[in-house]
Amino acid sequence: MIAHAVPVHLKTMMDLIDDLVADWQRERPGSDAAAMRIVGRIIRLGRSYEQDVAQMLRAHGMSYSDFDVLATLRRSGPPYESVPTQLQQNVLLTSGAMTACLRRLESAGLIARGTTPEDRRRLSAKLTPKGFAMVESLIDRRFALARQSLAGLDADQIVAAEGLLRRLGN
């Protein structure tokens, strides 16, 4: 069952966004900052969620991006393998950041890098059994953090928020 109380950190965050918009209205009365009531909250909520996940992952020696790469490989299904350009699109990292991430994961024994069967010139990244176990041990905690972030909403509000965010994203 989802709780209906708004967490204190979200109430504070909402006040900060309201203050930001009020400041702009005071300082630039001719400007329309009203959209920041939504966009500012989306940005702050995203950062807050990412920080919560990053904190949980740090306790396991993992960064947010590293785990996202492992989780992307895991959710791809057997053989849990992908090429760096496809991973880069799914995880939203630059080419250089993806290369560094893959090196870290390979050094840690969480992925193995090799060539693809279709094209021996093309590199791929594949989850190792250790990488698979790492994702399996942490993914439910990540899902729980996502559920916690919605604790102030009832089921109908969650459905409505999902629909509105999907529409904004398209």
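Which element gives the most to the lining of the second largest pocket? I looked it up: α3 does, with 5 residues.

**Ground rules.** I am working with a predicted model, where local features need pLDDT of at least 70, side-chain atom pairs count only at pLDDT 80 or more, and totals for chains, interfaces and linings use all residues. Residues are numbered from 1 along each chain as its sequence is written, and side-chain values use heavy atoms, with hydrogens and water left out.

**The pocket.** I noted a volume of about 150 Å³ for the second largest pocket. For my own reference, a pocket here is an open set of points on a 1 Å grid over the protein atoms alone, where a 1.4 Å probe fits, with protein on both sides within 12 Å along at least five of seven lines; lining residues have an atom within 4 Å of a point. Grid points are joined across faces, edges and corners, and the volume is the space filled by probe spheres set on the points.

The lining is made up of D68, A71, T72, R74, R75, N90, V91, V135, I139, R142 and F143. I then checked which elements give two or more residues to this lining, and found α3 (64–75), α4 (84–91) and α6 (129–149). Helices (H or I, at least four residues) and strands (E, at least two) are DSSP runs, numbered from the N terminus.

By residue class, I get 5 nonpolar, 2 polar and 4 charged in the lining. Ala, Val, Leu, Ile, Met, Phe, Trp, Tyr, Cys and Pro count as nonpolar, Asp, Glu, Lys and Arg as charged, and the others, Gly among them, as polar.

**The whole chain.** Stepping back, I see 7 helices and 3 strands. Read from the N terminus, their order is α-α-α-β-α-α-β-β-α-α. Of the 170 residues, 29% are buried, where buried means under 20% relative accessible area, exposed over 50%, and partly exposed in between (1.4 Å probe, protein chains only).

I also looked at contacts (heavy atoms within 4.5 Å): of those between residues at least 6 apart in sequence, 56% join residues at least 24 apart.

A reminder to myself: strands of a sheet pair through backbone hydrogen bonds. Two strands count as paired if DSSP finds at least two bridges between them.

I followed β1 to β3 (residues 123–127) and found 2 bridges. E81 stands opposite K126 in β3, and S82 has A125 as its bridge partner.

Is L92 buried or exposed? I have it as exposed because its relative accessibility is 73%. L92 lies in the loop between α4 and α5 (95–107), and has a positive phi of about 60 degrees although it is not a glycine.
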